[in-house]
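Subject: Structure handover

Hello,

Here is the structure for you to look through. My notes follow below it.

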Amino acid sequence: ASTCAHMLSFASMRVTGGPWPALALVHLLLLPSLFYGLQSDDTDTFFHLAAGRYMAEHGGVLDEEVSSFTVSGRHWTNYSWLFQRMLQGAYRAAGVPGVLAVRSLFLLLIVNLLFLLLWRRTGRAPLPALALTLLGVGLVSQRALQVRPQLATYLCLVALLLVIDSAGLRRWRSV
């Protein structure tokens, strides 16, 4: 009985304390961004949708200019093909709300992983982790609110930093 009571007190301490209040505040502050619509000056989103549609209709990776009459047929490397296909799939499934859902999912993943990384790096101190997470969100928010492949880059960068941090600095010195 005492072991069970000890486990219950430990579990309640973990839920009420720790990073949860700070992370809840980050999510609350991020909430308006999750429902933010498309920006009127963001024409790249529509290009990525069109490129994804072209690849879905014709198969393969779009690697030549097909939407310009001045340089039609010019070859180029499409580094964003996977993002474009994913975005087109979301658009086909749910329209513009699907595109916005993709952006919101990326933002949530980026913010949560960034908070986890900063929570660890600040010695589990909630206020510095909260402040640095909000600073990081502020630095990338202008570009992160646009539905562009940079969202995947930000997510991969934070995930890589988290992996490196988890592995420990000693193992990565040779790298």
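A residue counts as exposed when its relative accessible area is over 50%, and as buried when that area is under 20%. Keep in mind that this is a predicted model.

Start with Arg124. Its place is in the loop between H5 and H6. Its relative accessibility is 52%, so Arg124 counts as exposed. The backbone stands out here too. Phi of Arg124 is near 65°, a positive value in a residue other than glycine. Most residues other than glycine have a negative phi.

Next, Gln146. This residue lies in the loop between helix H6 (126-144) and helix H7 (150-167). Gln146 has a relative accessible area of 8%, so it is buried. What does Gln146 touch, leaving aside residues up to four places away in sequence? The contacts are Gln39, Asp41, Asp42 and Leu151.

Then the largest pocket. About 150 Å³ of space lies in it. Helix H5 (96-121), H6 and H7 each give two or more residues to its lining. H7 provides the largest share, four residues. The lining is made up of Ile110, Leu114, Leu117, Gly136, Val137, Val140, Tyr154, Leu157, Val158 and Leu161. How many of these residues are nonpolar, polar or charged? Nine are nonpolar, one is polar and none is charged. Gly counts as polar in this scheme, and Tyr as nonpolar.

To find these spots, go to the loop between H5 and H6 for Arg124, then to the loop between H6 and H7 for Gln146.

Best wishes

How values were computed: Residues numbered from 1 in each chain as written. Predicted model: local features only at pLDDT ≥ 70, side-chain atom pairs only at ≥ 80, totals over all residues. Heavy atoms only, no water. Buried < 20%, exposed > 50% of the residue type's maximum accessible area, 1.4 Å probe, protein only. Contact = heavy atoms within 4.5 Å. 1 Å grid on protein atoms, 1.4 Å probe; cavity = no way out; pocket = protein on both sides within 12 Å on 5 of 7 lines; lining within 4 Å. Points joined across faces, edges and corners; volume = space filled by probe spheres on them.
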